[in-house]
Amino acid sequence: MSTATSTGPRKASAKSARTRAREFALQALYQHLVGRNEATAIDQFTRDLSGFHKADSVHYDALLHGAIAEAAELDALILPLLDRKMAEISPIERAVMWIGVWELRHAPDVPWRVVLNECIELAKE
């Protein structure tokens, strides 16, 4: 079964638990970047959101807490590859890049092509 349609983004019912985990992690990382909220408070808020029960909560935890813990290291890996200053990158773009770099480094069970595709889809949505 294909998760993309010829007319646009994936339907919510076709999304995998990992895809949902990335979506919730993106929302949570955005809260961290914009609101400077603590990971624990963000985590509690996010787990109460509608649809969270359909997400891979273990992968979500790893993405959220891993990206926040390694934020400076992830930024250091990303910065040399940017065509502009980090300050000019939107919080959404930055969070998507954190997710992608974190997964490439720490989730060997996820093929690199999947990581790239999922991050592209996240950025589009």
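Analyst: Begin with the elements: helices (H or I, at least four residues) and strands (E, at least two) are DSSP runs, numbered from the N terminus. By that rule, Arg47 belongs to helix 2. The model is predicted, so local features need pLDDT of at least 70 and side-chain atom pairs count only at pLDDT 80 or more, while totals for chains, interfaces and linings use all residues. Residues are numbered from 1 along each chain as its sequence is written, and side-chain values use heavy atoms, with hydrogens and water left out.

User: How many helices and strands does the protein have?

Analyst: The protein has six helices and zero strands. Read from the N terminus, the order is α-α-α-α-α-α.

User: What share of the residues in the protein is buried?

Analyst: Burial is read from relative accessible area: under 20% is buried, over 50% exposed, and the range between is partly exposed (1.4 Å probe, protein chains only). Of the 125 residues in the protein, 43% are buried. Single residues illustrate each class. Phe52, in the loop between helix 2 and helix 3, has 7% relative accessibility and is therefore buried. Arg47 is partly exposed because its value is 32%. Arg36, in the loop between helix 1 and helix 2, reaches 57% and so counts as exposed.

User: What is the phi of Arg36?

Analyst: Most residues other than glycine have a negative phi. Arg36 is not a glycine, yet its phi is positive, at about 55°.

User: Which residues does Phe52 touch?

Analyst: A contact means heavy atoms within 4.5 Å. With residues up to four places away in sequence not counted, Phe52 touches Phe24, Thr46, Arg47, Ser57 and Tyr60. Its C-alpha atom is also 7.7 Å from that of Arg20, 32 residues apart in sequence. Over the protein as a whole, 63% of the contacts with a separation of 6 or more join residues 24 or more positions apart.

User: At what angle do helix 1 and helix 5 cross?

Analyst: Axes are lines fitted to C-alpha atoms, for helices over the stretch in contact, and angles run from 0 to 180 degrees between N-to-C directions. The axes of helix 1 (residues 17-35) and helix 5 (residues 91-106) come within 9 Å and cross at roughly 125°. Helix 1 is therefore oblique to helix 5, given that angles under 35 degrees are roughly parallel, over 145 roughly antiparallel, 65 to 115 roughly perpendicular and the rest oblique. The crossing is right-handed; the term applies if the near helix is turned clockwise from the far one by less than a right angle, and left-handed if anticlockwise.

User: Which residue classes make up the contact of helix 1 with helix 5?

Analyst: The residues that meet include Leu26, Leu29 and Leu33 in helix 1 and Val96, Trp98 and Ile99 in helix 5. By class, this contact has twelve nonpolar, one polar and three charged residues. Here Ala, Val, Leu, Ile, Met, Phe, Trp, Tyr, Cys and Pro count as nonpolar, Asp, Glu, Lys and Arg as charged, and the others, Gly among them, as polar.

User: How does helix 1 pass helix 2?

Analyst: Helix 1 passes helix 2 in a right-handed crossing. Their axes come within 10 Å and cross at roughly 140°, and the two helices are therefore oblique to each other. Phe24, Ala28, Gln31 and His32 of helix 1 make the contact with Ile42, Phe45 and Thr46 of helix 2. These residues divide into four nonpolar, three polar and no charged.

User: How many residues does the largest nonpolar core have?

Analyst: In soluble globular proteins, nonpolar side chains tend to be buried together. A nonpolar core is a set of buried Ala, Val, Leu, Ile, Met, Phe, Trp, Tyr and Cys residues joined through side-chain atoms within 4.5 Å. The largest one here has 33 residues, and those with the most contacts inside it are Leu29, Tyr60, Trp98 and Ile99. Elements that give two or more residues to this core include helix 3 (57-69), helix 4 (71-78) and helix 6 (112-124). Helix 1 gives the most, with seven residues. Ile99, leaving aside neighbours within four places in sequence, is in contact with Arg22, Ala25, Leu26, Leu29, Leu63, Cys119 and Leu122.

User: Is Glu23 buried or exposed?

Analyst: Glu23, in helix 1, is buried, because its relative accessibility is 15%. Residues up to four places away in sequence aside, Glu23 touches Lys15, Leu122 and Glu125.
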